[in-house]
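Grab a pencil and work through these exercises with me. Try each task on your own before you read its solution.

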Amino acid sequence: MSPAGGRDAGRAAGPVPGPAAAEDGEGSAAEAGRTSPDEHLALKSLLGVWALAVCSPEETAAVEAHLPRCPPCAEEARQLRDAVGLMHREESLDPGPLLRSRVLDECLRRRPAHTPLPEWAAPYDAETARLDALLRDMGEAEWNTPVRLHWATGERTLTLCGVLAHLGSVDGLVATALGLDDPLGPGAPRTVGDRTETAVERCRAHGPPFVRNKWRTQTRNIVRTAALHAHEADLPVDFAEFRRPLRDALAGRAFACWIHAEDIATAVDYPYEPPAPEHLARMVDFIARRLPEAIAARRRAGLAAPPRRLTAAGAPGRTLRLEIGGRGGGDWYIPLDSPAALASPEHTVARLALEDTEFCRLAAGHVPPREAAAGREGDDEAVGDTLRAVASLSRM
């Protein structure tokens, strides 16, 4: 996908005929004398619009008949055409990730929203809007492009419609927690995998406009209803395999939307920026707070080293310092021997440092733990277990 126009806009009128284009002897400077001064000035005045390819067919024909006979006009036309090419650089149609936030902030500064959106819902609002903007630029052929989804333990290829169906089916669990209708209807399955299968199968019976509209309508309804339930940030959302408070559920859905939007953009070779820093920070925090239980779950499954010592709930225990760089980063202290242990700087045995986007892509299963660009110090076993625990958080 590329912007309409671009560098080719100035070339639509074809190559600039030069004096050498007439090889039969009629291209001499003397030929310029055959054009009256008034006609010469009229044609010269058309060179700018000719270079922009907005002349009428008759004007285009007259200019192009004149150029081989008039070296000064031919040179000026060549310079104008080159200037038009510079004016129409091919750039991404996507606005910067901060633009939408700045526009909304300025609008709300001038006229506060009647029902303000809680901060914990803002990343989901922004990421669904950014994905919708990306979809707006899709051509018919691109909707059939295979999109590869991959996570720590598997991968799957869906069409673009299939990706939207997957996102919408899981978002539907948030919708039902808020009292909205389930997009899959009454009696729909509850597990993420089964819901995805049902949604993907159903989307085959509908075209891209229907699927996109259904997904986008639901995301807007979720945002609107979340604003009305701002005081219910801890409302439980049941994902069958796990439960999360509403604020964390929307952070997770914002994260999934960004990652799958990147999957789509990669499939169609289109640029896509990370979230705005304040939204990325909420996603990073959401992932970091899940790590103690992720380490414990891997240990119960025999996939991580046993605890070095038994630590009572609330008692200080071995700690890993997680340092996330970038504008969405920060520091977290992760208990290593028990999720209920007290993590503290005084009991730090290891340090792990990653950039914010690298940390998120590791949690999405897009970066293998062994390939993550990470700084590490101290207990190698603790660092390795933590990196693998981050990757284990990934889902389809």
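A residue counts as buried when its relative accessible area is under 20%, as exposed when this is over 50%, and as partly exposed in between (1.4 Å probe, protein chains only). The model is predicted, so local features need pLDDT of at least 70 and side-chain atom pairs count only at pLDDT 80 or more, while totals for chains, interfaces and linings use all residues. Residues are numbered from 1 along each chain as its sequence is written, and side-chain values use heavy atoms, with hydrogens and water left out.

**Exercise 1. The whole chain**

Task: Find what percentage of the residues count as buried, and how many helices and strands there are in the chain.

Solution: Start with burial: of the 396 residues, 46% count as buried. Next come the helices (DSSP runs of H or I, at least four residues) and strands (runs of E, at least two), numbered from the N terminus. The chain has 13 helices and eight strands.

**Exercise 2. Arg-318**

Task: Locate Arg-318, and decide whether Arg-318 is buried or exposed.

Solution: First, the place: Arg-318 sits in the loop between helix H11 (277-300) and strand E5 (319-325). Second, burial: Arg-318 is buried because its relative accessibility is 11%. Third, its partners: contact means heavy atoms within 4.5 Å. Not counting residues up to four places away in sequence, Arg-318 touches several residues, including Ile-334, Asp-337, His-347 and Asp-379. Last, a polar contact is a pair of N or O atoms within 3.5 Å; within protein, one must be able to donate a hydrogen and the other to accept it, and residues adjacent in sequence count only if both atoms are side-chain atoms. The side chains of Arg-318 and Asp-337 form such a contact, at 2.9 Å.

**Exercise 3. Glu-76**

Task: Name the helix that holds Glu-76, and the residues that Glu-76 touches, not counting residues up to four places away in sequence.

Solution: Glu-76 lies in helix H4 (residues 71-87). With that sequence limit, Glu-76 touches Lys-44 and Leu-47. Finally, Glu-76 is classed as partly exposed because its relative accessible area is 27%.

**Exercise 4. Contacts along the chain**

Task: Take the contacts between residues at least 6 apart in sequence, and say what percentage join residues at least 24 apart.
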